[in-house]
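Morning, everyone. I have one structure to walk you through, and I'll keep it short. Let me put it on the screen.

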Amino acid sequence: EQVLLKALELAPQNSFIAYTLGQVFRNHPLLEDDQPNFLSQAIRWFQSAVSWNPENVIAQLYLAHCFHDLALLGD
């Protein structure tokens, strides 16, 4: 995470870096311990990735997956 945040400082609004940060949180080893928090952080990064590059369809896909997973937690 820290390396990617530093990369984002060097390349602001880089959609691929934001997407990768989203993946860090979506696949975090502690995800099961605090799913709402990790999914919310992943959503934030995927939203940034899409905002910075609306053609980043893979970020759009994972954004949808995160919203779906978060909705399932409410059931």
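Start with a question: which residues is W45 in contact with, leaving aside its neighbours within four places in sequence? They are L5, L8, A18, L21, G22, F25 and W52. Contact here means heavy atoms within 4.5 Å.

Some ground rules. This is a predicted model: local features need pLDDT of at least 70, side-chain atom pairs count only at pLDDT 80 or more, and totals for chains, interfaces and linings use all residues. Numbering runs from 1 along each chain as its sequence is written, and side-chain values use heavy atoms, with hydrogens and water left out.

Now the fold. The protein chain has four helices and zero strands. Helices are DSSP runs of H or I, at least four residues; strands are runs of E, at least two; both are numbered from the N terminus. Along the sequence the pattern reads α-α-α-α. The radius of gyration is 12 Å, close to the 11 Å that the globule rule gives for 75 residues, so the chain is as compact as a globular protein of that length. That radius is taken over C-alpha atoms, and the rule is 2.2 Å times the number of residues to the power 0.38. The C-alpha trace spans about 40 × 25 × 15 Å along its principal axes.

Next, contacts across the chain. Of those with a separation of 6 or more, 49% are between residues 24 or more positions apart.

On to the inside. Of the 75 residues, 33% are buried. Buried is under 20% relative accessible area, exposed is over 50%, and partly exposed is in between, with a 1.4 Å probe and protein chains only. The largest nonpolar core has 19 residues, and L21, W45, F46 and C66 touch the most other members. Such a core is a set of buried Ala, Val, Leu, Ile, Met, Phe, Trp, Tyr and Cys residues joined through side-chain atoms within 4.5 Å. Two or more residues each come from α1 (2–10), α2 (15–26), α3 and α4. The largest share, eight residues, comes from α3.

Last stop, N53. Where does N53 sit? In the loop between α3 (35–52) and α4 (57–73). Why does N53 count as partly exposed? Because its relative accessibility is 30%. N53 and V3 are 50 residues apart in sequence, and 21 Å apart in space, C-alpha to C-alpha.
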